[in-house]
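Please examine the structure shown below, and follow its surface and its charged side chains in turn.

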Amino acid sequence: MPKALCIGELLIDFISTTPDVTLAEAPGFVKAPGGAPANVAVGLAKLGIEAGFIGKVGADPFGDFLTETLQRNNVNTTYLIAGEASRTTLAFVATRSDGMKDITFYRHPGADIQLSPDEIDADYIQSAELFHYGSVSLSHSPTREATLKAIQCAKSAGAFISYDPNLRLMLWDNADDAKHWIWEVMPYADVVKISEEEWEFVTGDVELESGIEQILGLGVKLLVVTLGERGCYYTNGNVEGSVDGFTVEVVDTLGAGDAFVAAMLTQLMQHADLTSLKNDQLGAIMRYANAAGALATQKVGVIPALPTHLDVEQFLLRQLLRQL
């Protein structure tokens, strides 16, 4: 049984071959496997953690490609289901040199939102030490109910639970639904990672302070806000701090946050009590995660760019040598 499980969307990203053009202007696209929770599953596996993925793809060539991709990257696909009723979800992505992205999804409905509660195996979930989820799979039924069932199974088993809202407003019927469900599943999580560009929507405030109080007040033990190339901020309620990012030559920012999450989780899994971690411990963990995120920006596509533990260690060593 896998030590870590991720649930949610698995899809194909078609990434524009030319940066700083609109989707309409893009002359071509590169096909790449994607979907934030699936990226995290592969990221964990590449970093040495036995990982599995729970979700649904279409019984079509794209679904076959995605299943084979996860298997090739040593992710357990026992509960990655190929559904006959709908097709694999597609996303077209126009990249920009400032790190922002324009994304259009083809999901009417996509297979990723067809996972049903009766396809959730409680025993499989309760055997895992780590459970990770996002909010995209909460946008529609029946996958909303399937995700909730899985989260509750993991929580009842005492798993370490991680949540990255990964806001994609265009996949929701309306913004109010998105905000409601993003908050509805927040109290289950031990660690929550939110990106800076999502912060105002999620918390309703540009400033960090009030949002931090809201989130930690729900029982979340560690909150991390990623700041793109500027690194990240963290707090466990007892200590807080920030860690600078790394300057690298960026090829594609898509998936950097997923690489960050996977790397962060491999380090946090080694600690039983997140609220007792000191600044130096959290700083080292976040530096490791920042390094993984930076490495992920240096290739096109997410899964091919996700680093191994050796990649991260060598990158950190090179950074250290530059400072000497």
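**A nonpolar patch and the salt bridges**

On the surface, Leu317, Leu320, Leu321 and Leu324 form a nonpolar patch, and together these residues have about 440 Å² of accessible area. The model discussed here is a predicted one. Leucine 324 counts as exposed because its relative accessibility is 78%, and the term exposed requires a value over 50%.

The charged side chains may be considered next. Side chains of opposite charge can pair when their charged atoms come close. A salt bridge here requires a side-chain nitrogen of Lys or Arg within 4 Å of a carboxyl oxygen of Asp or Glu. By this rule, the count for the model comes to five salt bridges. Three of them are described below, among the five counted.

Another salt bridge is formed by lysine 221 and aspartate 190, whose closest N and O atoms are 3.0 Å apart. Lysine 221 lies in the loop between helix H7 (208-216) and strand E12 (222-226), and aspartate 190 lies in the loop between H5 and E11, so the pair ties together parts that are 31 residues apart in sequence. Lysine 221 is partly exposed, with a relative accessible area of 30%, whereas aspartate 190 is buried, at 8%.

A further salt bridge brings together the side chains of glutamate 196 and arginine 230, at 2.9 Å from N to O. Glutamate 196 lies in helix H6 (residues 196-203) and arginine 230 in the loop between E12 and strand E13 (232-235); the pair therefore ties together parts that are 34 residues apart in sequence. Glutamate 196 is partly exposed, with a relative accessible area of 36%. Arginine 230 also counts as partly exposed, because its relative accessibility is 45%.

Notes. Residues numbered from 1 in each chain as written. Predicted model: local features only at pLDDT ≥ 70, side-chain atom pairs only at ≥ 80, totals over all residues. Heavy atoms only, no water. Patch = residues over 30% accessible without salt bridge, like charges linked within 9 Å, V, L, I, M, F, W, Y side chains within 5 Å. Areas by Shrake-Rupley, 256 points an atom, 1.4 Å probe, with all protein chains shown as cover. Buried < 20%, exposed > 50% of the residue type's maximum accessible area, 1.4 Å probe, protein only. Helix = DSSP H or I, 4+ residues; strand = E, 2+ residues; numbered from the N terminus.
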